[in-house]
Amino acid sequence: MSDRTMARQILLFILVLSLDSMHGQVSYSIPEEMLKGSLVGNIAQDLGLDVNRLKSGKARIYTGDSTEYIELNKERGVLLIKERIDREALCGQTTPCALHLQITLEDPIEFFSVTIEINDINDNAPTFKKDEMIFKISESAVVGAKFVLERAMDLDNGVNGIQSYILIPKDNFILKLLNQPDGGKKVEMVLQKSLDRESQEYLSLTLTAIDGGEPKLSGTMQIKITVLDANDNAPVFTQEIYKALTKENAPRGTVLSTVSATDADQGSNGRMSYSITNTLDDVSDMFEINEESGVVSLSGNIDYERARQYEIHVQASDDGGLTDSCKILVEVVDMNDNSPTINIMSKTNSVSENAKSGTVVTIINVQDPDSGENGKVICAIDDDIPFMMKSSSNHFFSLVTDNELDRERASEYNISVTCSDEGVPSLSSSVTLTLQISDVNDNAPVFEKSSYQAYIIENNTPGLSIFTVKARDADWNQNARVSYILEDSSVNGVSVSSYVSVSADSGVVHAVRSFDYEQIKDFQFRVKAQDGGSPPHCSNVTVKIMIQDQNDNAPQVLYPVQTGGSLVAEMVPRSADVGYLVTKVVAVDVDSGQNAWLSYKLQKATDRALFEVGLQNGEIRTVRQVTDKDAVKQRLTVVVEDNGQPSRSATVNVNVAVADSFPEVLSEFTDFTYDKEYNDNLTFYLVLALAVVSFLFITCLVVIISVKIYRWRQSRILYHSNLPVIPYYPPRYADTLGTGTLQHVYNYEVCRTTDSRKSDCKFAIPGSQNVLIMDPSLTGTMQRIQSEKNLLDEPDSPLEVSVL
């Protein structure tokens, strides 16, 4: 045991490091039987890597299914012995013997091949399977007779293998070594001096096998010879070498070959038996021979991956003890009986959708122990995915991106990798790789509509939800989180934010104020949708808000104008026919739609049987022929209603004078107005004089101020109204229905006095032949004068009132 230790120490100096710079390969050479923890080589230095790279890249050793003899020290960047390496157990007689390792790194993925050659040391002595061999040799054996001896086996190889044999004593026999094609030696014992049974019946010889190691090791076997009576002829095989061919996994009992030997002797000296003489290998367990017929057949399972060739040594012996030998070379034919083995060396669980084409995702190692075409492997994946398999080196394949990735089309791939050999029939193995596609912000929000249009009824409550804009982002998580922003703009010179607001999270549009259809009918603005990516993406949409009208305005009467200081009367001659157009009530409604559809109804009248009002146009016409019995003063109350729900209305009083001349009208209307005003004034002053004489000045001042305010408010109502002013000119009013009742134009001079008791007159020319302006403060008489000029040629009078 000390000799072995010394031999190992002596051989430690033969450690040779070699670096192959091409393809990231490193080769080392070490002796077997090195102690655990012994240095193999500085892998970081030899690969040109920083030790920190080994740590950050999570460096690890991949050895396939074999025992891990080597370990990587990431802290020092060196390879160390992890388990004792026995070259003979690892490789047997295979030369050279080497370990093939792969070192993989991540982020980015890299891998390197490492080859460690295991050198033999002389740690095994030659051995014989048997401790002794027994021969029965006839004394008549001639000089030169050969006897085949068992070969010794040495698990070492090269110079450490068996180099020589020694046979002691050398009185009758010498050794003869014959070189074999496989590099071994055939050991024969040759008779050089005839035997004499009478002088020596038994012989004992020692055969010693010596290897070439330092120090030399040896093994011995005893040869015991019994000298028999004469047997002159030894068996002779018909062939020295037989060849046989068999497929691996052939069933037991398969006949491989038949050997044959002849012996010229007769009787028991010519009867032969066959036997297999292999001792140190497993041939005797794999094959058997029929002792009588020489038929060699299978007795075990043959595996091409374990041994590709067998050498069977067969011996023929007669009963006289003479022998001959031959060998059978059995060639094993490989069958495709092994499926490829897939090993994932490095794997990425996710890849960004903007990864460049050619990005390495996974590296796999594929092993097929078969040979030739049966061991050639091709790996493939589905054609309809943006990945491809790329052969990076022998038995290594890389899965790389082959096209642009889009997480919105596919967020995950289940990639089935199938590796098939080229045997017939082909065998294959599969593995499924799951790969997540991580999102990048490459999509902008998209609104559900290209533009929006919403309606809201006027007079709404501020804060009312109008409608919702919705945008979707095809990205994921934060990149798909959409916020809504109201873009700044102006509506009628006012910021749109004073009209509406938009909820940033939900996109709900709220009304900030109460809308008035009469002020604004519609407006539009833009809403921006922005995602939460970095940098963010956004899109815009136009929103139009339509204000819907409510019936919130009552009709306004434009004509006849209601005044508090004078009476306006429409004159109808007593000769008027049925359908005579008396006047037309003109009203407008600032609402729209059906809320502005007006209808006219006669609410009250002095004589309902005399007049009617057009439902749609407001025209007041006579229903029957005017007679002398009809009262001169006619008072009509007309109600104007819109079509809203609920409807709104306005009331106007129309005074009509049924008379053929103005003096007749004046007499009726003047007395009435004067008496009423006179009595009222008298009562007013009497009460004031009795009640508040001392406060007369203050009372007058209050009355004056009240009257001024009242008139100012009336004027402001008309001034600020949004109603269109429709000029109305009663003097030139035409009968649109063509009744012919207004075929002439008249001019009248009105004589007015400042006092009812005076006869001084002031003349004015009214512009209408059928409209009377009656001032209660005047009580004078009127004279009818037909003008010689056409009214169309005269300028309009300042007292003109228009009727449509």
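Biologist: I am looking at Lys176, and I wonder which residue it stands opposite in E13.

Modeller: Lys176 stands opposite Glu188 there. Keep in mind as we go that this is a predicted model.

Biologist: How should I read strands that sit side by side, and how many bridges join E12 to strand E13?

Modeller: The general idea is that strands of a sheet pair through backbone hydrogen bonds, in either a parallel or an antiparallel way. Here, E12 and strand E13 (residues 185–191) run antiparallel and are joined by seven bridges.

Biologist: In what order do the strands of that open sheet come?

Modeller: The order is E10-E13-E12, three strands with antiparallel pairing. At the edges are strand E10 (146–148) and strand E12 (173–179), each of which pairs on one side only. From one strand to the next, the twist averages 35 degrees.

Biologist: Let's move on to charges. How many salt bridges does the count come to?

Modeller: In general, side chains of opposite charge can pair when their charged atoms come close. In this model, the count comes to 22 salt bridges.

Biologist: Could you walk me through one? With which residue does Glu132 form a salt bridge?

Modeller: Its partner is Lys224, and the closest N and O atoms are 3.1 Å apart. Glu132 belongs to strand E9 (residues 132–138) and Lys224 to strand E15 (residues 218–228), so this pair ties together parts that are 92 residues apart in sequence. Glu132 is partly exposed at 33% relative accessible area, and Lys224 is partly exposed too, at 39%.

Biologist: Now take Lys327 in the salt bridge with Glu311. Is Lys327 buried or exposed?

Modeller: Lys327 is buried, with a relative accessible area of 5%. Glu311 is buried as well, at 15%. The closest N and O atoms of this salt bridge are 3.8 Å apart. Lys327 lies in strand E24 (residues 323–333) and Glu311 in strand E23 (residues 309–318), so the pair links parts 16 residues apart in sequence.

Biologist: And what meets the side chain of Lys601 in a salt bridge?

Modeller: That is Glu641, at 3.6 Å from N to O. Lys601 is in strand E48 (residues 599–605) and Glu641 in strand E51 (residues 633–641), so parts 40 residues apart in sequence are tied together. Both ends are partly exposed: Lys601 has a relative accessible area of 42%, and Glu641 has 23%.

Conventions
Residues are numbered from 1 along each chain as its sequence is written. This is a predicted model: local features need pLDDT of at least 70, side-chain atom pairs count only at pLDDT 80 or more; totals for chains, interfaces and linings use all residues. Side-chain values use heavy atoms; hydrogens and water are left out. A salt bridge is a side-chain nitrogen of Lys or Arg within 4 Å of a carboxyl oxygen of Asp or Glu. Helices (H or I, at least four residues) and strands (E, at least two) are DSSP runs, numbered from the N terminus. Buried means under 20% relative accessible area, exposed over 50%, partly exposed in between (1.4 Å probe, protein chains only). Two strands pair if DSSP finds at least two bridges between them. Axes are lines fitted to C-alpha atoms, for helices over the stretch in contact, and angles run from 0 to 180 degrees between N-to-C directions.
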